[in-house]
Amino acid sequence: MGYTDQRFDVNLSILFTELPLLERPAAAAAAGFTAVELWWPWIETPTPAQEELDALKRALEDAGTQLVGLNFYAGRLPGPDRGAVSVPGEESDRFNANINVAADFAASVGCKALNALYGNRVEGVDPAVQDELALKNLVVAAQAADRVGAILLIETLNKPESPLYPLVSAPAGIEVVDKVNEATGLGNAKFLLDLYHLAMNDEDLGEVIEKYAAKTGHVQIADKPGRGAPGTGELPLEELLDQLKKAGYQGYVGLEYKAADAAASFAWLPAEARAAA
């Protein structure tokens with residue numbers, strides 16, 4: 001058990017960011033990893049040119065890396081935005097324009113998990129109206145994910161860093177997962193369990209794992225405080241991942257932490273444990 005018994009992937013939107021996007025898969029591979037994940041890489045557009053999509057596909061394939069998680073269009077991330085699903089007007093339109101683009105790209109590279117960030121509360125808009133829009137958009141996203149054999153992920157963030165984001169507890173995220181599954185009948189909406197965000201919300205991580213492991217489709221980690229690599233903070237991440245495994249979780253664990261030198265930051269994980277079996 002422990003770290004050597006997990007399937008890790010590197011989030012290329014937070015690690016190796018000193019490199020151009022198309023060079024990051026090779027950098028992850030050089031560090032020993034075979035699996036990667038990404039936030040939506042084209043912040044300015046939900047519908048990049050086909051040549052850009054093809055170039056990323058080639059970069060992933062040339063590096064021998066498998067994309068295991070991809071965000072739908074989520075606005076300016078990193079930045080002030082936290083998704084577009086519940087944001088009326090232009091952002092919701094952009095999300096809808098992105099749904100099939102992201103799903104088709106995921107299909108082209110064998111990616112089986114698509115993450116839809118909910119979006120911030122908007123001043124002057126009734127939260128109930130935002131929630132109704134979110135459910136409508138998430139149903140379409142779940143159907144598109146199902147079309148390509150993928151799951152739809154719903155993520156909770158943390159209130160200190162995302163004060164306008166409404167899903168800042170595991171139960172809040174699970175409630176949306178359940179609503180989407182009830183609306184579609186597909187059962188492919190799953191919880192994205194991010195141990196860093198949950199810890200920042202002062203949730204009981206052991207209790208969350210026990211309650212929701214069966215509904216979890218993806219896991220992400222960073223240490224707290226500071227959102228650094230495992231071992232830089234106070235979280236017992238090795239024990240928590242063991243608990244997840246014992247609870248039946250068999251998916252990937254995304255390394256979504258900050259590091260000035262990504263390659264050096266992996267010292268906590270033996271080189272032979274980095275390739276995802």
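Predicted model: local features only at pLDDT ≥ 70, side-chain atom pairs only at ≥ 80, totals over all residues.
Let me begin with the overall form. Along its principal axes the C-alpha trace spans about 50 × 45 × 30 Å. For 277 residues, a compact globule would have a radius of gyration near 19 Å, and the protein comes out at 17 Å, which agrees. Of those 277 residues, 57% are buried. If we take the contacts between residues at least 6 apart in sequence, we find that 76% of them join residues at least 24 apart.

Now I would like to turn to one helix, H2, which runs over residues 50-63.

Which residues of H2 are buried? They are Leu 53, Ala 55, Leu 56, Ala 59, Leu 60 and Ala 63. These residues cover an arc of only 160° around the axis, which means that they lie on the same side of H2.

What covers the buried residues of H2? The cover includes helix H1 (24-30), strand S2 (35-38), strand S3 (66-71) and helix H3 (90-109). After H2 comes Gly 64, which has a positive phi, near 75°.

My last topic is the aromatic rings, for which the count comes to nine aromatic pairs. In one of these pairs, Phe 72 and Phe 95, the ring centres are 5.5 Å apart and the planes stand at 65°, and because an angle over 60 degrees counts as edge-to-face, that is what we call this pair. The pair links distant parts of the chain, since Phe 72 sits in the loop between S3 and H3 while Phe 95 belongs to helix H3, 23 residues apart. Buried means under 20% relative accessible area, so Phe 72, at 1%, is buried, and Phe 95, at 0%, counts as buried too.

Elsewhere, Phe 16, Phe 33, Tyr 257 and Phe 266 form one aromatic cluster. Finally, the charged end of Arg 7 sits over the ring of Tyr 252, 4.1 Å from the centre of that ring.

Definitions and conventions. Residues numbered from 1 in each chain as written. Heavy atoms only, no water. Helix = DSSP H or I, 4+ residues; strand = E, 2+ residues; numbered from the N terminus. Expected span 1.5 Å × (residues − 1). Buried < 20%, exposed > 50% of the residue type's maximum accessible area, 1.4 Å probe, protein only. Arc of directions from axis to C-beta. Contact = heavy atoms within 4.5 Å. Phe/Tyr/Trp six-rings, centres within 6.5 Å; stacked < 30°, edge-to-face > 60°. Lys NZ or Arg CZ within 6 Å of the ring centre and 35° of its normal. Rg over C-alpha atoms; globule rule 2.2 N^0.38 Å.
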